[in-house]
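Here is a short report on the structure shown below.

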Amino acid sequence: MTNNEKIRLLEETLEIEEGTLNEDTNLSEIGEFDSMAKLTLIVLCDDEFGKKLTGEQIKSFKTVKDILDFMG
Amino acid sequence: MTNPFDFSGHTILITGAANGIGSEIASMLSAQGARLILVDKDKAGLNELLNNLHTSNHSSYEFDVAHLEGIDSFLTKVLKEAGPLDGYVNCIGIRSRRPLNLLVPAIVSQVMAVNFSAFIEFVRVISRKGNFNKGMSIVSISSIAAQRGNAVVTAYAASKAAVDGAVRCLARELHSKKIRINTVAPSQIDTPEFKKLQSMNLQTDDPILSRQYMGLGKPYDVSNAVLFLLSSASGFITGSTLPVDGGFLTS
């Protein structure tokens, strides 16, 4: 999956308007990135990418790119 | 009067024996003299449990109950080796946590299959003539989630509510065979799975612990209730759901 496809997937899954996110977007600026979104991200990373994401790791993410890099 | 909590001479099947609550139940029953048949898909967990139990007359079988079609032949083989059962405790449950938008049909089916359908199939097989002794008691670990709503646990809560509802019917139907069947409904219990959840530090639902005004439950709290329901001390109790919830349902 390309980074663009991953970003679209993130927007779709987190119900963020298409085109809002890019690699440099700061997670702290995304209103929708609440605790429900974090759980969604954990489930998504497991379902789509087979990666087990922890709460600690999420805390260390600063930008969308950090999420994309984790997805692999 | 004999001690109803003396399980010597009793053969008891425990599914999900390797997890936090299952292994506590196994330890307690073993200490009370029961001969255990331990089933789990976690082979390493089963071996560790066997090492920790008091006596050596227990047997273990690795099996994934998600294989619904294989349960009949698996159990038939096990019971041929072990003999008829005096008790069956089901501790298996996928603790599914998923927001609705990711709760797709395949996941709902999977949770219902493991948490509900597998249990029904186990009961169907072990209640066949010859597979049980008179007075057999069946206990399934349910959850207060079956009675109280919360976000992200829809499939889990529904599967536990399904078990509670089925047990009310099975109690009636199995009475003619003198089999009792009940569930235990714990609220949050201090297990390794809970510690993992806490470490995620995500507050997506009602602060559970504030509603459990007696604090976090321990596995032995659940196990004590299970032993009561397995024993003749609960001889007049069937089709019920026993909360072990630190007051959660009253708060």
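## Nonpolar core

The model is predicted. Its largest nonpolar core holds 80 residues. Those with the most contacts inside this core are B:Ile12, B:Ile14, B:Ala17, B:Leu38, B:Val184 and B:Val226. Helix H4 of chain B, residues 105-126, gives the largest share of the core, with 8 residues. In soluble globular proteins, nonpolar side chains tend to be buried together.

Take B:Val226 from that list. What is B:Val226 in contact with, leaving aside its neighbours within four places in sequence? The partners are B:Ile25, B:Val89, B:Val139 and B:Val184. B:Val184 is itself among the core residues with the most contacts.

## The sheet of chain B

Chain B has an open sheet of 7 strands. The strand order is E3-E2-E1-E4-E5-E6-E7, and the pairing is parallel. Which strands stand at the edges? They are E3 (59-62) and E7 (241-244) of chain B. Each has a single partner strand, so one side of each is left without a neighbour in the sheet. From one strand to the next, the twist averages 15 degrees.

One pairing can be followed in more detail. Strand E4 of chain B (residues 85-90) runs parallel to strand E5 of chain B (residues 132-141), and 5 bridges join them. B:Tyr88 stands opposite B:Ile138 in E5 of chain B.

## Chain B as a whole

Chain B contains 8 helices and 7 strands. Its radius of gyration is 17 Å. The globule rule gives 18 Å for 251 residues, a close value, so chain B is as compact as a globular protein of that length. Along the principal axes, the C-alpha atoms of chain B fill a box of roughly 45 × 40 × 40 Å.

Buried residues account for 43% of the 251 residues of chain B. Among contacts in chain B with a separation of 6 or more, 74% are between residues 24 or more positions apart.

## Chain A as a whole

Chain A has 4 helices and 0 strands. From the N terminus on, the order is α-α-α-α. The radius of gyration of chain A is 11 Å, close to the 11 Å of the globule rule for 72 residues, so chain A is as compact as a globular protein of that length. Its C-alpha trace spans about 25 × 25 × 20 Å along the principal axes.

Of the 72 residues in chain A, 24% are buried. Residues 24 or more positions apart make up 47% of the contacts in chain A with a separation of 6 or more.

## Where the chains touch

How many residues of chain A are in contact with chain B? There are 10, and they are in contact with 12 residues of chain B. On the chain A side, helix H2 (residues 35-49) of chain A supplies the largest share, 7 residues. By type, the chain A side divides into 4 nonpolar, 5 polar and 1 charged.

Most residues other than glycine have a negative phi. Two residues here have a positive value.

A:Glu15 has a positive phi of about 55 degrees and is not a glycine. A:Glu15 sits in the loop between helix H1 (3-13) and H2 of chain A. Is A:Glu15 buried or exposed? It counts as exposed, with 10 C-beta neighbours inside 10 Å.

B:Lys178 is a residue other than glycine with a positive phi, near 60 degrees. B:Lys178 lies in the loop between helix H5 (154-174) and strand E6 (180-186) of chain B. B:Lys178 is exposed, with 11 other C-beta atoms within 10 Å.

## B:Ala225 in helix H8

B:Ala225 belongs to helix H8 of chain B, residues 219-230. Why does B:Ala225 count as buried? Because B:Ala225 has 21 C-beta neighbours inside 10 Å, and 20 or more is the cut-off for a buried residue.

Leaving aside neighbours within four places in sequence, B:Ala225 is in contact with B:Val184, B:Leu242 and B:Val244. The C-alpha atoms of B:Ala225 and B:Gly93 are separated by 18 Å. Along the chain, these two residues are 132 residues apart.

Notes:
Residues numbered from 1 in each chain as written. Chains lettered and ligands numbered in written order. Predicted model: local features only at pLDDT ≥ 70, side-chain atom pairs only at ≥ 80, totals over all residues. Contact = placed C-beta atoms within 7 Å. Nonpolar A, V, L, I, M, F, W, Y, C, P; charged D, E, K, R; others polar. Rg over C-alpha atoms; globule rule 2.2 N^0.38 Å. Buried ≥ 20, exposed ≤ 12 C-beta atoms within 10 Å, placed from the backbone. Core = buried A, V, L, I, M, F, W, Y, C linked by C-beta atoms within 7 Å. Pairing = 2+ DSSP bridges. Axes fitted to C-alpha atoms, helices over the stretch in contact; angles between N-to-C directions.
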